[in-house]
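The sequence and structure come before the discussion.

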Amino acid sequence: MMTYEVELVELQAQPVAVVRGHVTQGEIPAFLGGTFGEVLEALADQGLAAVGPPFGRYVPAADGFDVEAGFPTNRPVRPFGRVEACELPGGRAARVLHRGDYGGVAAAYNAAVEWVAAHGYVAAEPPWECYLDGPEVPEPRTVVYLPCTVVTSD
């Protein structure tokens with residue numbers, strides 16, 4: 001079992017270009033593969049640049065996930081096909097690095113959730129993951145971010 005180091009980081013809000021969709025667990029790889037290509041095409045068409053690794057944000061839904069996937073950009077993208085502008089939030093976040101198969105990334109999410117609760121924070125926004133390596137790498141690196149805020153008493 002992998003042990004995770006969780007860090008508390010301060011993030012700046014980041015413009016991103018994304019495609020949104022609803023997928024089942026098994027459809028995620030195909031969705032991401034197509035989405036990343038669409039986003040890069042939109043950025044090239046508009047003279048924009050990806051300024052970081054691709055990412056995916058997954059919100060559990062009744063029969064799968066509502067997904068937002070794309071790239072951080074140097075400025076907001078204009079709508080282009082299915083590609084639209086969005087923003088990853090700024091502020092505090094728990095950050096965890098996962099090394100290995102994408103199927104094991106859930107353990108990194110669990111480590112972030114446990115750390116946040118143990119250190120007096122609560123989740124402030126849905127988490128996301130950034131893919132530092134492609135699936136062809138034997139042990140790809142995935143960074144999980146869980147935005148959080150200090151628990152306040154009523």
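R92 is partly exposed, with a relative accessibility of 34%, where buried means under 20% relative accessible area, exposed over 50% and partly exposed in between (1.4 Å probe, protein chains only). The residue belongs to strand β6, strands (E, at least two residues) and helices (H or I, at least four) being DSSP runs numbered from the N terminus. The model is a predicted one, in which local features need pLDDT of at least 70 and side-chain atom pairs count only at pLDDT 80 or more, while totals for chains, interfaces and linings use all residues. Residues are numbered from 1 along each chain as its sequence is written, and side-chain values use heavy atoms, with hydrogens and water left out.

Leaving aside neighbours within four places in sequence, R92 is in contact (heavy atoms within 4.5 Å) with L8, V9, E10, Y121, L146, P147, C148 and V150. C148 itself is buried, at 6% relative accessibility.

A search of the whole structure finds zero disulfides, a disulfide being a pair of cysteine sulfur atoms within 2.5 Å. For two of the cysteines, the closest cysteine sulfur is in C130, and the distances are too far for a bond, as the table shows.

| Cysteine | Closest cysteine sulfur | Sulfur separation |
|---|---|---|
| C86 | C130 | 13 Å |
| C148 | C130 | 16 Å |

Helix α2 has 14 residues and reaches 20 Å from its first C-alpha to its last, close to the 20 Å expected at 1.5 Å a residue, the expected span being 1.5 Å times one less than the number of residues. Its buried residues are V105, A108, Y109, A111, A112, W115 and V116. Seen down the helix axis, these buried residues fall within an arc of 160°, so they line one face of α2; the arc is that of the directions from the axis to the C-beta atoms. On the other side of α2, E114, A117 and A118 are exposed. The buried residues of the helix pack against β1 (6-11), β3 (55-61), β6, β7 (121-123), β8 and β9. After α2 comes G120, whose phi is positive, near 80°.

G120 is also in contact with V151, as are Y121 and V122, when the neighbours of V151 within four places in sequence are left aside. V151 is placed in the segment after β9 and is partly exposed, at 46% relative accessibility.

The largest nonpolar core has 34 residues, of which L32 and Y58 touch the most other members; such a core is a set of buried Ala, Val, Leu, Ile, Met, Phe, Trp, Tyr and Cys residues joined through side-chain atoms within 4.5 Å. Two or more residues each are given to this core by β2 (14-23), α1 (28-45), β4 (64-72), β6 (91-99), α2 (105-118) and β9. A second, separate core of 11 residues includes L11, V16, V18 and W128.

D133 lies in the loop between β8 (128-131) and β9 (141-150) and is buried, with a relative accessible area of 17%. Its side chain makes a polar contact with the side chain of R141 at 2.8 Å, a polar contact being a pair of N or O atoms within 3.5 Å; within protein, one must be able to donate a hydrogen and the other to accept it, and residues adjacent in sequence count only if both atoms are side-chain atoms.
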